[in-house]
Amino acid sequence: NHCSFSLRTLRQILSTAKALNQETPNNEDAVIRQALDSVNLPKLNAGDLALYEGIVADLLPVAAETRSELKVVKAIVETLHREHLQAKDKFVRKCVQLYKSIEGMRGVVVVGESFSGKTTAIRALKNALSDMNLEIKLQALNPRAVTLEQLFGYFDRSHSWIDGILSKALRDSPERGREKWLVCDGPVDPEWMEAMNTTLDDARRLCLGSGTAVSLDAGVRMLVEAEDLRHASPGITSRCSIVFMERVNLGWEALVKSYCEELPELLGGKKAKGVGTVSYTHLRAHETRHDLVCRLLLEKKKKTTTKQ
């Protein structure tokens with residue numbers, strides 16, 4: 001329910017191809033393949049991905065990564081290592097797809113279950129671009145945690161207009177050369193999502209109940225982080241670029257390794273061993289990450305005591 005192949009999608013493919021043609025001219029097949037992959041790959045799951053690649057491979061050759069993409073990949077990997085996170089290939093690829101989606105569209109929806117890496121991907125990309133001298137201000141809010149009046153604004157008893165959390169955040173435009181990512185983290189509700197239609201199309205304006213409108217700066221990006229889009233209208237999904245995250249991109253081993261790396265050196269720290277010896281029965285027992293790590297440390301302590 002998150003895939004959309006409308007005329008807006010076709011327009012996005014053509015706009016992406018136009019931008020890519022300036023970097024690699026005289027190679028139309030590679031440009032079209034890169035544009036198709038940039039728009040379609042982020043929204044596909046593992047099953048649909050194999051089907052898509054089988055169809056497109058019969059028509060167009062595989063396109064090589066551009067220099068800008070290689071720089072972003074290098075920055076993302078360095079950022080993940082610095083923050084003691086695992087730079088798995090599938091997860092890094094999703095971060096690059098998120099980067100392309102943000103570059104191509106003003107509105108991006110990151111969809112996926114819990115522990116699929118949605119928040120980590122956004123923050124890792126933000127930090128990676130900051131290392132590349134692109135200053136980004138990240139502001140997150142949960143639209144379902146407040147009322148619509150608190151979110152968009154309301155008239156007080158003196159009939160004076162009071163800006164809400166969202167309208168005030170959009171009025172605070174970033175300086176030239178900087179970007180601002182406004183992340184709406186929470187379930188998609190038609191009550192607040194439909195009110196943001198005009199911020200996602202070419203108008204780029206938020207219409208308020210006071211009769212005024214807030215124009216979005218060119219450096220403002222609207223991001224939505226949700227588990228699914230079952231309550232989103234087709235108008236929303238067609239206006240946004242969709243990035244679908246899956247737990248398979250990370251796996252449970254990455255969580256355990258990152259947790260162990262953050263432990264003090266006295267408890268193992270980066271030298272913690274035995275992570276790979278955890279059997280699948282731990283996962284089937286639905287143990288939490290803390291329980292897994294405690295079990296690993298106890299096993300390590302028993303082995304050390306036995307040797308002594």
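Student: Which residues form the positive surface patch?

Tutor: Lys88, Lys90, Arg93 and Lys257 form it. Before we zoom in, remember that this is a predicted model, where local features need pLDDT of at least 70, side-chain atom pairs count only at pLDDT 80 or more, and totals for chains, interfaces and linings use all residues. Residues are numbered from 1 along each chain as its sequence is written, and side-chain values use heavy atoms, with hydrogens and water left out.

What counts as a patch? Its residues have over 30% relative accessible area and no salt bridge; like charges are joined within 9 Å, nonpolar side chains (Val, Leu, Ile, Met, Phe, Trp, Tyr) within 5 Å. Lys and Arg are the positive ones, Asp and Glu the negative ones, while His and the chain ends are not counted. Each charge is placed at NZ of Lys, CZ of Arg, CG of Asp or CD of Glu.

Now pick out one member, lysine 257. You'll find lysine 257 in helix H12, which covers residues 251-261. (Helices are DSSP runs of H or I with at least four residues, strands are runs of E with at least two, and both are numbered from the N terminus.) With a relative accessible area of 41%, lysine 257 is partly exposed. That label sits between buried, under 20%, and exposed, over 50%, using a 1.4 Å probe and protein chains only.

The surface has a nonpolar patch as well, formed by Leu7, Leu10 and Leu14. Together they show about 350 Å² of accessible area, worked out by the Shrake-Rupley method with a 1.4 Å probe, with only the protein chains shown as cover. Leucine 14 belongs to helix H1, residues 7-23. At 55% relative accessible area, leucine 14 is exposed. Here's a handy bit of background: an α-helix has 3.6 residues a turn, so residues three or four places apart point the same way.

Back to charges, this time in pairs. The model has ten salt bridges, each one a side-chain nitrogen of Lys or Arg within 4 Å of a carboxyl oxygen of Asp or Glu. One of them joins the side chains of glutamate 69 and lysine 100, at 2.9 Å from N to O. This pair links distant parts of the chain, with glutamate 69 in helix H4 (residues 67-82) and lysine 100 in helix H5 (residues 89-104), 31 residues apart. Glutamate 69 is buried at 9% relative accessibility, whereas lysine 100 is partly exposed at 25%.

Valine 96 is buried, at 7% relative accessible area. From valine 96 to valine 72 you'd count 24 residues in sequence, but in space their C-alpha atoms are 7.1 Å apart.

Another salt bridge brings together the side chains of glutamate 179 and arginine 221, 3.6 Å from N to O. Glutamate 179 sits in strand S5 and arginine 221 in strand S8 (residues 220-226), so the pair ties together parts 42 residues apart in sequence. Both glutamate 179 and arginine 221 are buried. Strand S5 also holds valine 183, which is buried at 4% relative accessibility. The C-alpha atoms of valine 183 and glutamate 225 are 6.9 Å apart, although 42 residues separate them along the chain.

Let's finish around helix H6. Among the buried residues of H6 are Ala121, Leu125 and Leu129. Just after H6, asparagine 133 takes a positive phi of about 65 degrees. In the loop between strand S1 (107-112) and H6 sits phenylalanine 115. Phenylalanine 115 isn't a glycine, yet has a positive phi of about 65 degrees. Phenylalanine 115 is exposed, too, at 59% relative accessible area.
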